[in-house]
Amino acid sequence: MKNGIVRFAALYVFNVAVLLLIGLLSAGVSVGFHALWAAVILTLAALFVKPLLTGAFRKAAAKSAADRTKTGEKVVQYVLVYLVELIIWVAVVWLSGVRASGFWSYALPPLFLLFGWMIYDQVDDKLRAKAGELYDAVQGRVSGRKAAPASASASTSAETPATAEAREELQDGLTPEQRRMLDELG
């Protein structure tokens, strides 16, 4: 559950940034505050629809892959990914308040999405790790403060973060990294 929330949050923030960039760079595309809702649609599409469409297109391409070269294979892959991005972009425009008018406002944003998601794939691990730390910190504060009695919270408020981590480690015998790894497994 935690991994799903962290992945959704990291991809959502990144998609908001990409949509705002699309609004700035693409003539005929108006995004504005609709980027917040459009990013929800884009994130859900990236998590659920994109893998399905990519798999379907790859199956169709594999059937006709008799005598292709390595370069030809890459070209086919990029064309298929662009088609998936185009379908997702049309869905975002259709389901959100984002407005697109003209050929280039439908042809260029999928390229921006493609480049944006390529960048996201490069920084994905770092974003997930940071989002996971934030998630753990918030979860620890919520559960830790509710469970601690009033006198204990007054004495622990002067503790350093290292002391608090050591105290938490003594309770279950796990380091924060081990706890995070166990959370990712379950």
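Select helix H4 first: of all elements, H4 gives the largest share of the lining of the second largest pocket, seven residues. Helices here are DSSP runs (H or I, at least four residues), strands likewise (E, at least two), numbered from the N terminus. The model is predicted: local features need pLDDT of at least 70, side-chain atom pairs pLDDT 80 or more, while totals for chains, interfaces and linings use all residues. Numbering starts from 1 along each chain, and side-chain values use heavy atoms, without hydrogens or water.

**The pocket**

Stay with this pocket; its volume is about 470 Å³. Pockets are open sets of points on a 1 Å grid where a 1.4 Å probe fits, with protein on both sides within 12 Å along at least five of seven lines; lining residues have an atom within 4 Å of a point. Now pick Lys50, Val81, Glu85, Trp117 and Asp121, the closest to the centre among the 20 lining residues. H1, H2, H3 and H4 each give two or more residues to the lining. Colour by type: 10 lining residues are nonpolar, two polar and eight charged.

**The core**

Next, show Leu19, Trp89, Val92 and Val98. In the largest nonpolar core, of 28 residues, these touch the most other members. Such a core joins buried nonpolar residues (under 20% relative accessible area) through side-chain atoms within 4.5 Å. Helices H1 (2-25), H2 (35-63), H3 (70-95) and H4 (104-147) each supply at least two core residues.

Centre on Trp89. Its contacts (heavy atoms within 4.5 Å) include Leu19, Val98, Tyr106 and Leu113.

**Zoom out**

The chain holds seven helices and two strands. Buried residues make up 26% of its 186 residues.

Conventions: Buried means under 20% relative accessible area, exposed over 50%, partly exposed in between (1.4 Å probe, protein chains only). Grid points are joined across faces, edges and corners, and a volume is the space filled by probe spheres set on the points. Ala, Val, Leu, Ile, Met, Phe, Trp, Tyr, Cys and Pro count as nonpolar, Asp, Glu, Lys and Arg as charged, and the others, Gly among them, as polar. Lists of a residue's contacts leave out its neighbours within four places in sequence.
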